[in-house]
Amino acid sequence: MAEGQAAEQNNMRVIVMSKTLKIEPFKIPDNHLKVGRAWEEWIEDFEDEITYFEIREIRDKISALKIYGGQELKKLARNLPDPPPIEVDNEYEKLKRKLNNHFLPKKNKRYARYTFSKQRMESYESIVAYAARMREKARDCEYGDQADDRILEHLIQTIKDNDLIKRCIQKRWKLEQFIEEASQREDIGQQVKDMKDDHKVARIGQRAEKHRRDYKFTGEKQAKAHGSYTCYE
């Protein structure tokens, strides 16, 4: 019975590994400032795919990473020095940590906080999108449990919606409450804009219809004055 179960598990593993991942090989950006972000996004997508395809064995994860990562990644995996071991480690995590050490920039808390403080809302950006961008920037600032408070403080200092700022201060909102209110306001604002645009279109249509009727009436008068008549639709 045990042998039959083992054979069945092996067959299942072969079937799973026969599936082809959709991810493209990792391409190292020419701009070194973009390498870290590109690597983070690629490894996240890669791990999403191996989870979906139920690739759980450590050796299979390593093989998939080397195969689908591309030739450059395979060379780095082979030649980069191994990182110091840590507790609860395995060969896949060690390989990923090795590549992380190579691709990810060394974090500088003070510089990250300086960059965070310099951020401003773009003209095309919604408050919700701006808040999401600030969350991303706060990741390297090491604010810990105070991250949401720091993000909210920065939003209050840099957005232009004074009414929203007043309500936030009066009601002592947390970051999530602030974002929820901002989202509702932006949704309502868009709905009002759409309604106004529809009204403008309707008015333009009404004016066009009036011009058509005036033109028809004028044409009929002129035709009658000259003793002829043309049918205007």
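A residue is called buried if its relative accessible area is under 20%, exposed if it is over 50%, and partly exposed in between (1.4 Å probe, protein chains only). The model is predicted, so local features need pLDDT of at least 70 and side-chain atom pairs count only at pLDDT 80 or more, while totals for chains, interfaces and linings use all residues. Residues are numbered from 1 along each chain as its sequence is written, and side-chain values use heavy atoms, without hydrogens and water.

**Exercise 1.** Determine whether Phe103 is buried or exposed.

*Solution.* The relative accessibility of Phe103 is 5%, so Phe103 counts as buried. Phe26 has 8% and is likewise buried.

**Exercise 2.** Classify the ring pair of Phe116 and Tyr143.

*Solution.* Step one: rings of Phe, Tyr and Trp (its six-membered ring) pair if their centres lie within 6.5 Å; planes under 30 degrees apart are stacked, over 60 edge-to-face, and the rest tilted. Step two: the centres of Phe116 and Tyr143 are 5.6 Å apart and the planes stand at 75 degrees, so this pair is edge-to-face. Step three: Phe116 is buried at 4%, and Tyr143 is buried at 11%.

**Exercise 3.** State how many disulfides the whole structure contains.

*Solution.* Step one: a disulfide is a pair of cysteine sulfur atoms within 2.5 Å. Step three: as for accessibility, Cys141 is buried at 0%, and Cys168 is buried at 3%.
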